[in-house]
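This briefing accompanies the sequence and coordinates shown below. It begins with a single residue and then widens to helices, backbone geometry, the ligand surroundings and the chain as a whole.

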Amino acid sequence: MSNQKVNHQLKARVYRSTGSWYIIKNIAGELLQARFKGKFKIDAAIKSSNPIAVGDWVIYEELPDEEGIVTITDIEKRNNYIVRVSPQNRHHKHIISANLDAAIVMATIDSPKTSMGFVDRFLITAAAYHIPAIIIINKIDLLKDKHQPTLATWIKTYTDAGYPVIPMHVEDAAKIKELNALLANKTTLFSGHSGVGKSTLINKILPNIQQRTKIVSDWSGKGQHTTTFAELFDLPMGGQIIDTPGVKEFGLIAIEKSELGHYYPEIKNYMSACKFNNCIHINEPQCAVKNAVQEGRINVDRYKSYLQIIQSIE
Ligand SMILES: Nc1nc2c(ncn2[C@@H]2O[C@H](COP(=O)(O)OP(=O)(O)OP(=O)(O)O)[C@@H](O)[C@H]2O)c(=O)[nH]1
Ligand SMILES: [Mg+2]
Ligand SMILES: [Zn+2]
């Protein structure tokens, strides 16, 4: 009988990706260092600059090489993913993470300033994949009196649109507890501009031991904590959260003009009452959406954002 070991194909999830190597966790809960050789036949729906993203499920060969690194041989079809425009090439997308149950966009009114358009693009991508989105407005401890009307507008706009909105700061233990309840037993992405507080909040949510490794791995040497790679963490109460590097802008996945209204919950509410069933709510007569905007039932800023985005679609 041969004593040669059989190289089984096993399943694992990608916890960290640097672009050239990966940390994966198998079903038994072991963390492994992995590489991927060759080229995947992934569906060409998006041109992406990264073949494997955090959150992906992959197949790997059980037996490691001399350096203890296992080889990824295949990638499972993604349920969904969130993309940003690749920093190297505007026509390419970079997959931020895949296989999500929920997605948080973290915004700040000031330091740094987040625009509603940025939040709206994120919400559209999430809605296109039926990923429930949550909006965190962080750093409200820093807001001055002059910022309060803006904060109130944000809260009203997105609450009226049907999204959970959590205005908070990272020392707010009650809000963090509320958030924990939303995160349990799901894979949740944290995204937003650089410096809004994603990693700080995630460190508050995680148990101390993970927090320590995180801090060490994140120091850039320049005294900054800027996150450079997406990373997935297990939550003590079950579920996972994904910390990601700050993004300047998201990439919209291929969306038709006629589809866009479906991804604004408040527009979707009214569009079945439009006279024309192919109405895109710009110039058409007897448009229920435009009526709702005029009567204040749809927020005018959200409608303006809709118009801006529909004009950007070829
Ligand atoms: N005052 C205040 N400061 C905060 C809050 N949250 C985070 N910060 C600070 O904001 C800075 C940036 O926080 P990070 O957690 O590194 O931000 P990030 O979103 O992870 O940034 P990237 O990794 O670059 O995407 C740090 O100095 C934090 O201490 C908050 O709620 N209030
Ligand atoms: Mg960070
Ligand atoms: Zn219409």
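In this predicted model, E231 is buried, because 25 other C-beta atoms lie within 10 Å of its own, where 20 or more are needed for that class. The residue belongs to strand β12, which covers residues 231-234.

**Surroundings of E231**

- Leaving aside residues up to four places away in sequence, E231 touches Y15, R16, V54, I242 and D243.
- The C-alpha atoms of E231 and T18 are 9.5 Å apart in space, although the two residues are 213 residues apart in sequence.

**Helix α2**

- Helix α2 runs over residues 148-160, and its 13 residues reach 18 Å from the first C-alpha to the last, close to the 18 Å expected at 1.5 Å a residue.
- The buried residues W154, T157 and Y158 belong to this helix; viewed down the axis of α2, its buried residues fall within an arc of 85°, so they line one face of the helix.
- On the face of α2 turned away from that buried side are the exposed residues Q148, P149, A152, K156 and T159.
- The cover over the buried residues of α2 includes β9 (133-137), β10 (165-167) and α9 (300-312).
- After α2 comes G162, which has a positive phi near 105°.

**Helix α9**

- The 13 residues of α9 should span 18 Å at 1.5 Å a residue, and the 19 Å between its end C-alpha atoms agrees with that expectation.
- R302, S305 and Y306 are the buried residues of α9; they cover an arc of only 105° around the axis, which puts them on the same side of α9.
- The exposed residues V300, Q308 and Q311 are carried by the face of α9 turned away from its buried side.
- Among the elements that cover the buried residues of α9 are α1, α2, α6 and α7, and α9 in turn is among those covering the buried residues of α2.

**Backbone geometry in loops**

- Most residues other than glycine have a negative phi, and most peptide bonds are trans, which gives a background for the next points.
- The peptide bond that joins S111 and P112 is cis, with omega about -5°, and P112 lies in the loop between β8 (102-107) and α1 (116-128).
- H130 is not a glycine, yet its phi is positive at about 55°; the residue is found in the loop between α1 and β9.
- H130 counts as exposed because it has 8 C-beta neighbours inside 10 Å, and the limit for that class is 12 or fewer.
- Q286 likewise is not a glycine and has a positive phi, of about 50°; its place is in the loop between α7 (265-271) and α8 (288-294).
- Q286 is exposed, since 11 other C-beta atoms lie within 10 Å.

**The loop that holds A254**

- A254 lies in the loop between β13 (240-243) and α6 (257-260), and with 11 other C-beta atoms within 10 Å this residue is exposed.
- Although A254 and I313 are 59 residues apart along the chain, their C-alpha atoms are separated by 8.7 Å.

**Residues around ligand 1**

- Ligand 1 is surrounded by 18 residues, of which H169, S194, G197, T227 and G246 are the closest.
- The shell around ligand 1 divides into four nonpolar, 11 polar and three charged residues.

**The chain as a whole**

- The secondary structure of the protein chain amounts to nine helices and 13 strands. The radius of gyration is 21 Å, close to the 20 Å that the globule rule gives for 314 residues, so the protein chain is as compact as a globular protein of that length.
- The C-alpha trace spans about 80 × 45 × 35 Å along its principal axes.
- Of the 314 residues in the protein chain, 34% count as buried.
- When contacts in the protein chain between residues at least 6 apart in sequence are considered, 65% of them join residues at least 24 apart.

Terms used:
Residues numbered from 1 in each chain as written. Chains lettered and ligands numbered in written order. Predicted model: local features only at pLDDT ≥ 70, side-chain atom pairs only at ≥ 80, totals over all residues. Helix = DSSP H or I, 4+ residues; strand = E, 2+ residues; numbered from the N terminus. Expected span 1.5 Å × (residues − 1). Arc of directions from axis to C-beta. Contact = placed C-beta atoms within 7 Å. Rg over C-alpha atoms; globule rule 2.2 N^0.38 Å. Near = placed C-beta within 6 Å. Nonpolar A, V, L, I, M, F, W, Y, C, P; charged D, E, K, R; others polar.
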